[in-house]
Amino acid sequence: MLPVSHYIYLSLALFIIGVIGVLTRRNVIIILMSIELILNAVNINLMAFSRMWGSVDGQIFAIFIITDAAAEAAVGLGIIIAFFRNRPTVLADEMDLLKW
Amino acid sequence: MMLDSILFYFFAALAVGSAILMVTRRNAVHSAVFLISTLLAIAGIFLQLQAEFLFVVQIILYVGGIMVLFVFVIMLVNLDVAVRQMKFNRQSWVAGLLALVLGGLAVVVYRSGGGAFNLMGAPATTMPPNAEQVGTVLFQKYFLPFEIASILLLVAMIGAVVMAKRKI
Amino acid sequence: MDQTRNNSTAEIETTVLGADEIILNMGPQHPSTHGVLRVKLKLDGERVAASECIIGYLHRGVEKIAEHRSYQQFAPYVDRMDYVAAVSNGLGYCEAVEKLLGAEAPPRARVVRTILTELQRIASHLVWLGTHALDIGALTPLFYCFREREEILKIFEKYCGARLTTHAFRIGGLQYETYDGFEEEVKRFCEDFSKRIEEYETLLTENRIWLGRTKGVGILNAADAIALGVSGPVLRASGVKWDIRKAAPYAAYDQYKFEIPVGKNGDTYDRYIVRMEEMRQSRLICLQAIENIPTGAIMARIGKVLKPPPGEVYHAIEAPKGELGYYIVSDGTTQPYRVRVRPPSFINLQAFDKMARGSLVADVVAIIGTIDIVLGEVDR
Amino acid sequence: MPFGIEFDDIRQYIAPVIYALVIVAVLPLMAGYIVLLERKVMAHMQARMGPMRVGPHGLLQPIADAVKLLLKEDITPKNADALMFWLAPLLSVTMALLAYAALPFGPAFQIADLDVGLLFILAISSLGIYGIVLGGWASNSHYSLLGALRSAAQLVSYETAAGLALVSGLLLGGTLSMKGLVEAQDSQGVWFIFVAPFSFFIYLIASIAETNRAPFDLPEAESELVAGYMTEYSGFRWSLYFLAEYANMIVVSGIAVTLFLGGWMRPLSGVHAHIFGLPYELLDLLPALIFFGLAAWCTKLALRQGEQIQKMVMFLFVGLFVVLGAAMAWSLTSTSLMPGIHGAFWFIVKVLVYLYGFLWFRFTFPRYRFDQLMKLGWQFLIPLALVNLVMIGIGIVLAQQFLWPLSLAMIAANVVTLIVAFWLVRQGDKPSIVVLPAEDELPAAGPGEIR
């Protein structure tokens, strides 16, 4: 197997790309997708360490993270649809109903 | 094993390339497709790590489930106007810079302090059949968290239904 | 599918989510509107909030043509109205003119007319059944139905040389004597046909999917049906026992025993059952009539040039699709002053909005099918 | 060898690659002939002849169709999203073909025996949805988009039921490997359809719905949505979708055959008794006899052909069948080849029988309405599949922990499922409350009122 550092760097790259997506995009859906990317970056780390130690505990955590991602996506998209019905926009900076 | 590293570099390049495209595409559907390709590449890396069960779970749940949901919602709220609008927000350059700084920081920290951890390559032995092992551990050691996760999913499901329903 | 928002907010033009009301156009080129019917639907989500039928794509001015043809010359034109039941159209027209002349077809002609018209009713219902089932997604009944219809058309072809637009009858009686073996062929067909109906019913009547697609779909209650002037199987399925063959017998219908099937709920399933039963009754009428065809002349003495006395007449028959009426005004010349047709499809189509409101979009196809319209007759 | 790759590293990949190439090459042909079979079966069920012109009895029709599709103009609508429009059919067909990687055609004829084979196939077939959704979206047409969303919703709903039905099957087998599942049926001496009939029927219905076949073919309901997501496609790309559809049909049949119908095993292979003094092993002769019978039948048809060229084509098929029959007969003499060749034969025969069920349903039933389809999936199949799964689990526990005989435990479990099924049907028959808008809530009727 390759050294774990390879996986850590890959994970870091994906994580940073995800962060850039969350911070810079306006479209809420793409922001949510970037969050998925971040979660996946974490998963890669977990899997690499799991392989390194030869135990499956890391994989269990990855499963929990995927579960969490599913819940997050369902609720997040539900919010987007509910919001969209009241105000037809998907841009984060136009969702300013609470501002005055 | 040469084949192993070829596989890793191929999937890593695919994942990073698609991720970059995902963040930069204007059209949300294109973004979703590139995210799917990233996720598939990550699944490939799981396979290369000999975690077949997680490979399949990644595809079924992430690609076949969560991303379908995303694509659905994108199509439902697909705004032609959104395609013509500015895709990055106004402070994007600050944010991008800060994110890169964060990345650089992480690299520096890892380079200087990584030796403190015992990071080695994995043993060359292959892992035993994966699905059964995951199942055993999940239902014995992590049974309580597993049940909590199921409650989390239930709550999320109810929440999503309540929110997306037109009239309750 | 033409979706346009009833847009007060101009920014959102086409979204599936935001739209509460969508206007949807079906036709005129739509595979299941049976010709060139255009239906405009206003949708509230998946449900039909309002509808409008736009007709006239097949208008040929049949009624106007009548004013420039002699009475005999106009007879072939009526075949082109309801082209799947041409014989019935011809019967109505011939009897209307006979009534205007004060003449009457001889008994033999009347019995043969009855047989052919009842065969035509079966043929028309078979076309309806096949296409209706096809609209709902059952592929096979269509071929079975056309197989039997083919037998009927062969009888027509042997009798008068034409299959579709037959021009089978003449004013005053018949032009052709029946061919040798006519009785046997009709009898053989009728005897086979009872098994055939069983076949269709095996495929459809108790099929859960068919029940699901037709029961409770497109309900029309009796009061509405009468108020809208609906006639034929559509009216009878709503529970009104009204059939001109019984109410005002024409041709030779007073001589035969038959039942008038009546539905209860007025939904698509009842209309299906009523039509199936009507085919059985038509078969019985044919069998009764074929047993005993009177001998004698087949043409009344009415002369070569028809000059009906000035006056007006309305004569209606029970066509396969409902009451087919002809209102003819004569000014004493060889050409009618005015002919007005009361086509059953046209009137029955008025009930479409009533049936479609509140139903799902997918049911619209079933509802169009169940009314059994022929656009040639609607537009004339 | 460059890159330090030794030949020994590669050798294990040679056979799978050859299998893969064979499948990719043969599958389009097979799909074409399944279409011909479908048309012939449909025609004979509908009292007509079906294709008769191209080749004797239409035997060359698939080739003619393929050539026609390849030569057709490939149209991309003006406002379509070119990239996605190009990608979607490829995605569809790739995912359909990928699933063959884990499908065991015979004890030896399998590309890869994954530990998670069944899950892998499920995962891959869940990806096929993207081909449909993206194709519908990229066409930039309302018909396509609505058709695509409909079929996506349908796929997602019925995948759940299908998955639950498969889980109860694999509980019995105790493994996720496709090969292992067949071997489990071999060692237990019973096909799982007899142990878990409800799982099989739930999977049968769900698999028809998943492949968008009638009576669940709403996405392509001709009388409502023209051709669904395929509306804007033509020529080669359309034929890719077509290929994907038929490839998927074979995959779902393959899963059902592997899991419930004993995979590559000969019927009654576990029985070593005698009937009328003859051993059941005589059934091994059946494949050869079937092929020779087909050859004889084709010879009879060939002799009736009027034209010389038609006769020659027919004799070509006679030759093909004779060769296949001879191969079957010859393999009987070799104990090493026999299981492989006969296994593939029985597997394909079982797949064809399953597919015949698909066709039969298609010509017999009307089409479901969309809400009825969803209701059937969510309110009947999924609850039933859940109950069935629990009952099968209980049955297995009874058999393994309490040492009931397996047959008794399973009969008890299935009877409970049957009762629940009847109850669910009764529930479904109760009229669901449809709230029709009251008369005065609606806008007034009348023409001209709709803008």
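**Exercise 1. Work out how much of chain D is buried, and what chain D is built from.**

Solution. Start with burial: of the 451 residues in chain D, 43% are buried (20 or more other C-beta atoms within 10 Å of the residue's own, with C-beta atoms placed from the backbone). Keep in mind that this is a predicted model, where local features need pLDDT of at least 70, side-chain atom pairs count only at pLDDT 80 or more, and totals for chains, interfaces and linings use all residues. Residues are numbered from 1 along each chain as its sequence is written, and chains are lettered from A in the order in which they are written.

Next, the secondary structure: chain D has 15 helices and two strands. Those are DSSP runs numbered from the N terminus, H or I of at least four residues for helices and E of at least two for strands.

**Exercise 2. Describe how α5 and α14 of chain D pack.**

Solution. Two packed helices are described by the angle between their axes and the distance between the axes. Here, α5(D) covers residues 142-173 and α14(D) residues 370-400; their axes come within 9 Å and cross at roughly 15°. The axes are lines fitted to C-alpha atoms over the stretch in contact, with angles from 0 to 180 degrees between N-to-C directions. So α5(D) is roughly parallel to α14(D), the term for angles under 35 degrees.

Now sort the contact by class: 18 nonpolar, seven polar and one charged residues. Asp, Glu, Lys and Arg count as charged, Ala, Val, Leu, Ile, Met, Phe, Trp, Tyr, Cys and Pro as nonpolar, and the others, Gly among them, as polar.

**Exercise 3. Characterise the side of chain B that touches chain A.**

Solution. Count first: 72 residues of chain B are in contact with 58 residues of chain A, contact being C-beta atoms, placed from the backbone, within 7 Å. Then find the contributors: helices supplying at least two residues each include α1 (2-24), α3 (52-76) and α7 (143-164) of chain B. The largest share, eleven residues, belongs to α3(B). By class, this side of chain B has 58 nonpolar, twelve polar and two charged residues.

How values were computed:
Two residues are in contact if their C-beta atoms, placed from the backbone, lie within 7 Å. Angles under 35 degrees count as roughly parallel, over 145 as roughly antiparallel, 65 to 115 as roughly perpendicular and the rest as oblique. A residue is buried if 20 or more other C-beta atoms lie within 10 Å of its own, exposed if 12 or fewer, and partly exposed in between; C-beta atoms are placed from the backbone.
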